[in-house]
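The entries follow the order in which I looked things up.

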Amino acid sequence: MATYAIGDVQGCYGALRALLDAVDFDPEHDEVWLAGDLVNRGPDSTSVLRWARDHQGSVSVVLGNHDLYLLARALGAVQRRRHDTLDDLLSAPDSDSLIDWLRHQPLLVSQGDWVMVHAALHPDWSVDAAEGASRELEAVLKSDGAASLLAESHSVVPRQWSLDDPSRVRQLAALAVLTRLRCLDTSGGLTFDYTGTLAELPHDRTPWWRVPHQRAPSVTVITGHWAALGYHREPGLLATDTGCAWGRHLTAVRLSDGAVTQAALDGSVSRLNA
């Protein structure tokens, strides 16, 4: 049995199938962890969602910012954006069931010392606290209040997360941390303006995982979201978004030994280590 963490698929169904074939994925014995952003930008978001739903017994998913955008569009909470590739999905005959399935997916998955979220954990959160914040948000996303929360999340830019803030303010900040955060500023404030490489990181920005935090040293957080970061490992972090929708690769990491397999949009496969 093997567990594979896979970064942002973003509608690149062909690359996903090539990657699964390359690692000999067997849903009877193996597991796949998808680190969010299953949809948008790529050519076939519908097939990606169908595959994940149909294999839900062996697939764990966390919601990313593009998945939340899809939910927001489906619920009428936001207008269509330029470069959106979701129209085919939203007009598919099984669109309603796919959207309903997606609304019931978590924002955080954990097993042992592995924790998966799309973007980040706040440094003030233990794993238990992060899970509590995630479960609170998931309950809203499954409720009649989902459209309101998603509409606000697309218009509000949180600057901090604090237990002292009102519930809604904390929810919006937690959702932004889990699905959009990359860096904090020198005061510990949330920032969302930098999307570049680590080598070009501004002096007043710190990657979220390098800020002193409440997580145990044994915990490794699996993320997607930061395409310019690419495949990246350091203590406490396994980053898996390698920009497939931008013409690069889709990456799978076998958690037992760190073996890395990548597939491109044309279906070609490479292995970084065995």
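**Entry 1: the largest pocket.** Before reading off a volume I needed the term: a pocket is an open set of grid points with protein on both sides within 12 Å along at least five of seven lines. I also noted that this is a predicted model.

I looked up the largest pocket and found a volume of about 720 Å³. Its lining is made of 32 residues. Those nearest the pocket's centre are Arg 41, Asn 65, His 66, Arg 81 and Arg 180.

Helix 8 provides the largest share, with 5 residues. Sorted by class, the pocket lining holds 13 nonpolar, 10 polar and 9 charged residues.

**Entry 2: the cavity.** Next I searched the whole structure for cavities of 30 Å³ or more, and the search gave 1. The space in the largest cavity is about 40 Å³.

I listed what lines the largest cavity: Ala 119, Leu 181, Arg 182, Trp 208, Trp 209, Thr 223, Gly 224, His 225, Trp 226, Leu 229, Leu 237 and Ala 239. By class I noted 8 nonpolar, 3 polar and 1 charged for this lining.

**Entry 3: helix 1 with helix 2.** I turned to helix packing. Two packed helices are described by the angle between their axes and the distance between the axes.

Helix 1 covers residues 13-22, and its axis comes within 8 Å of the axis of helix 2. The two axes cross at roughly 40 degrees. I therefore wrote down helix 1 and helix 2 as oblique to each other.

On the helix 1 side, the contact is made by Tyr 13, Leu 16, Arg 17 and Leu 20. Ser 47, Val 48 and Trp 51 make it on the helix 2 side. These contact residues divide into 5 nonpolar, 1 polar and 1 charged.

**Entry 4: helix 2 with helix 5.** At what angle do helix 2 and helix 5 pack? The angle is about 60 degrees, and the axes are 10 Å apart. Helix 2 spans residues 45-54 and helix 5 spans residues 95-103. The angle makes helix 2 oblique to helix 5. I recorded the crossing of helix 2 and helix 5 as left-handed.

Helix 2 brings Thr 46, Leu 49, Arg 50, Ala 52 and Arg 53 to this contact. Helix 5 brings Ser 97, Leu 98, Trp 101 and Leu 102. I counted the classes for the contact of helix 2 with helix 5 as 5 nonpolar, 2 polar and 2 charged.

**Entry 5: helix 3 with helix 5.** Helix 3 packs with helix 5 at an angle of about 130 degrees, and their axes are 10 Å apart. Helix 3 and helix 5 are therefore oblique to each other. Their crossing is left-handed.

From helix 3, Asp 67, Leu 70, Leu 71 and Ala 74 meet Ile 99, Leu 102 and Arg 103 of helix 5. The classes in the contact of helix 3 with helix 5 are 5 nonpolar, no polar and 2 charged.

**Entry 6: Trp 114.** Last, I looked up a single residue. Trp 114 sits in strand 5, which covers residues 114-116.

What does Trp 114 touch, leaving out residues up to four places away in sequence? The list is Trp 33, Val 109, Thr 220, Ile 222, Arg 233, Leu 238 and Leu 255. I also checked Trp 114 against Tyr 231: the two are 117 residues apart in sequence, and 17 Å apart in space from C-alpha to C-alpha.

Methods: Residues are numbered from 1 along each chain as its sequence is written. This is a predicted model: local features need pLDDT of at least 70, side-chain atom pairs count only at pLDDT 80 or more; totals for chains, interfaces and linings use all residues. Side-chain values use heavy atoms; hydrogens and water are left out. Axes are lines fitted to C-alpha atoms, for helices over the stretch in contact, and angles run from 0 to 180 degrees between N-to-C directions. Helices (H or I, at least four residues) and strands (E, at least two) are DSSP runs, numbered from the N terminus. Angles under 35 degrees count as roughly parallel, over 145 as roughly antiparallel, 65 to 115 as roughly perpendicular and the rest as oblique. A crossing is left-handed if the near helix is turned anticlockwise from the far one by less than a right angle, and right-handed if clockwise. Contact means heavy atoms within 4.5 Å. Ala, Val, Leu, Ile, Met, Phe, Trp, Tyr, Cys and Pro count as nonpolar, Asp, Glu, Lys and Arg as charged, and the others, Gly among them, as polar. On a 1 Å grid over the protein atoms alone, a cavity is a set of points where a 1.4 Å probe fits but cannot get out, and a pocket is an open set with protein on both sides within 12 Å along at least five of seven lines; lining residues have an atom within 4 Å of a point. Grid points are joined across faces, edges and corners, and a volume is the space filled by probe spheres set on the points.
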